[in-house]
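Visitor: I have a structure open here and would like to go through it with you. Can we start with one of the helices?

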Amino acid sequence: MKIVILGAGQVGGSLAESLASERNDIVLVDTAEKTLRELRDRIDIGVVIGQASHPDVLLDAGIEDADILVAVTNNDETNMAACQIAHSLFRVPTKIARIRSASYLKYPQLFDTQAIPIDVLISPEQLVSEYIARLMEYPGALQVLDFAHGRVQLVAVRAIQGGPLVGHQLSYLRQHMPKVDTRVAAIYRRNSPIIPQGDTVIEAGDEVFFIAARADIRAVMSELRRLEQGYKRVTIAGGGNIGLRLARKLEQRYSIKIIEQSHERCVFLSEELSNSIVLHGSASEQDLLLEENIEDTDVFLALTNDDEANIMSSLLAKRLGARKVMTLINNRAYVDLVQGGEIDIAISPQQNTIGSLLTHVRRGDMVNVHSLRRGAAEAIEVIAHGDSRTSKVVGKKIEDIDLPEGAAIGAIVRETDGGSQVLIAHDDVVVETNDHVIVFLVDRRHTRHVEQLFQVGFSFF
């Protein structure tokens with residue numbers, strides 16, 4: 001496909017890199033000549049220097065024959081104007097825009113063909129706040145991803161000595177929990193992937209990705225580590241868009257404190273939130289944290305737009321006794337440096353946003369794409385279409401499907417007259433048409449192979 005990406009920031013640059021590796025024709029537009037030159041030298045893409053919403057700049061980028069426009073500049077108005085121009089002048093089939101301001105997102109009727117023609121809205125703040133809210137549900141989880149509207153979840157946990165399964169083969173799990181069905185999709189040991197087999201032994205320190213029905217997640221987690229007590233007290237550093245969204249989402253269930261440096265913003269937050277305590281000050285002030293009994297905090301969330309401030313306040317909070325620390329980090333190079341030490345979970349907004357974008361630019365009937373381990377791995381939810389003549393998966397047992405190396409089907413969600421049925425993927429399960437199939441890829445370079453597997457032959461039409 002030909003894809004024009006507007007904005008060469010963290011999201012635009014990472015998306016261009018991801019899509020270019022899948023042999024798409026990518027053109028990246030930005031005003032930052034140095035950034036574009038560095039990206040062009042590193043990956044095989046076209047670049048255009050100029051204002052992203054100007055028609056002549058879009059023409060230089062080849063908008064006339066583009067399949068998709070992805071507008072992810074830092075300016076909502078530029079993204080909206082670019083989509084309008086792409087529709088009105090060039091009839092681009094699919095227009096995706098990142099919109100950050102809650103003022104716009106409150107009015108979904110703005111974004112249709114009769115108004116501002118945006119086919120897919122991406123809100124990083126919303127995606128990140130939903131992601132953190134899922135982590136809050138499962139203390140001890142490193143990642144929690146939803147599939148099939150939350151009926152199935154993929155969870156990553158660190159196996160800890162003393163967990164019932166640690167030191168045992170995976171086949172022991174079924175004997176120990178005969179009433180719970182799950183599938184271990186991948187194991188990362190010292191940052192290297194292991195393809196799980198029945199005789200694979202779980203070791204302490206392994207990062208284990210497993211898939212299960214939502215109701216069974218806690219039971220499976222308890223096999224890999226001692227279950228932690230639920231969270232009650234939460235401190236949020238930073239009352240920006242993400243901090244505000246998250247506080248709104250959590251304040252009915254948790255005791256929330258927000259620390260915000262701007263007095264004006266504090267006044268706004270106190271008016272917007274009903275059950276949260278708003279504190280004026282810096283989350284890096286030791287006296288303030290001690291005064292607010294940081295040692296009693298279950299989760300400290302550093303969510304400002306400054307990576308260094310987030311890291312430093314998180315380290316301080318952990319040293320002062322906060323039970324769990326989660327830190328928002330935009331710079332991808334920092335994520336690997338800090339996670340797993342005193343910072344328990346590093347949250348990358350780019351990884352969340354890119355997964356959502358990939359859902360809409362991939363071939364095949366993709367419902368969800370989640371980018372994992374800094375983009376090296378992926379988890380995909382794709383719908384199977386066709387029949388045994390026109391499809392390479394429908395009518396076949398899972399063991400007979402020609403999956404690429406390092407790919408595993410984790411679960412299938414099937415709609416029946418009685419509702420949704422979650423089938424954990426075992427070798428003898430047969431894929432049916434309209435099944436939602438969840439595939440885990442240790443190496444995302446094999447994504448194209450998976451896309452081709454789920455495409456139907458022409459005779460189907």
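Visitor: What share of the residues of α14 is buried?

Guide: This is a predicted model, and in it 12 of the 13 residues of α14 are buried, so the helix is largely enclosed by the rest of the structure. The buried residues are P349, Q350, Q351, N352, T353, I354, G355, S356, L357, L358, T359 and V361.

Visitor: And how far does α14 reach from its first C-alpha to its last?

Guide: The distance is 19 Å for its 13 residues, which is close to the 18 Å expected at 1.5 Å a residue.

Visitor: Which strands does α14 lie across?

Guide: Helix α14, residues 349-361, lies across β18 and β19, and its direction is at about 150 degrees to that of β18.

Visitor: OK, and what is the strand order in the sheet with β18 and β19?

Guide: That sheet is open and has 5 strands in the order β18-β19-β22-β20-β21, with antiparallel pairing. At its edges stand β18 (366-372) and β21 (419-424), each with a single partner strand, so one side of each is left without a neighbour in the sheet. On average, neighbouring strands here are turned by 15 degrees against each other, direction ignored.

Visitor: How many bridges join β19 to β22?

Guide: There are 6 bridges between strand β19, residues 377-383, and β22, and the two strands run antiparallel.

Visitor: Let's switch to the parallel sheet. What order do its strands have?

Guide: The order is β14-β13-β12-β15-β16-β17, in an open sheet of 6 strands with parallel pairing. Its edge strands are β14 (276-280) and β17 (345-347), each of which pairs on one side only. Neighbouring strands of this sheet are turned by 20 degrees against each other on average, again with direction ignored.

Visitor: How many bridges does β12 share with β15?

Guide: Strand β12 (residues 233-237) pairs with strand β15 (residues 299-302) in the parallel sense over 4 bridges, and V234 stands opposite V299 in β15.

Visitor: Which helix packs on that sheet, and which strands does it touch?

Guide: Helix α6, residues 124-137, packs on the sheet and touches β12, β15, β16 (324-328) and β17, with its direction making about 160 degrees with that of β17.

Visitor: Something else: how many aromatic pairs are there in the whole structure?

Guide: A search of the whole structure finds 2 aromatic pairs. In one of them, the rings of Y188 and F209 have their centres 5.8 Å apart and their planes at 70 degrees, so the pair is edge-to-face. Y188 lies in strand β9 (residues 182-189) and F209 in strand β11 (residues 207-213), so this contact ties together parts that are 21 residues apart in sequence.

Visitor: Are Y188 and F209 buried or exposed? And what is the geometry between F209 and F440?

Guide: Both Y188 and F209 are buried. F209 and F440 form a tilted pair, with 5.3 Å from centre to centre and 50 degrees between the planes. Since F209 lies in strand β11 and F440 in strand β22 (residues 436-441), this pair ties together parts that are 231 residues apart in sequence. F440 counts as buried at 1% relative accessibility, and F209 is buried with a relative accessible area of 1%.

Visitor: Last topic, the backbone. What is phi like at N191 and N434?

Guide: N191 has a positive phi of about 70 degrees although it is not a glycine, and N434, not a glycine either, has a positive phi of about 75 degrees.

Visitor: Where do N191 and N434 lie?

Guide: N191 lies in the loop between β9 and β10 (192-194), and at 61% relative accessibility N191 counts as exposed. N434 lies in the loop between β21 and β22, and at 47% relative accessibility N434 counts as partly exposed.

Key: Residues are numbered from 1 along each chain as its sequence is written. This is a predicted model: local features need pLDDT of at least 70, side-chain atom pairs count only at pLDDT 80 or more; totals for chains, interfaces and linings use all residues. Side-chain values use heavy atoms; hydrogens and water are left out. Rings of Phe, Tyr and Trp (its six-membered ring) pair if their centres lie within 6.5 Å; planes under 30 degrees apart count as stacked, over 60 as edge-to-face and the rest as tilted. Buried means under 20% relative accessible area, exposed over 50%, partly exposed in between (1.4 Å probe, protein chains only). Two strands pair if DSSP finds at least two bridges between them. Axes are lines fitted to C-alpha atoms, for helices over the stretch in contact, and angles run from 0 to 180 degrees between N-to-C directions. Contact means heavy atoms within 4.5 Å. The expected span of a helix is 1.5 Å times one less than its number of residues.
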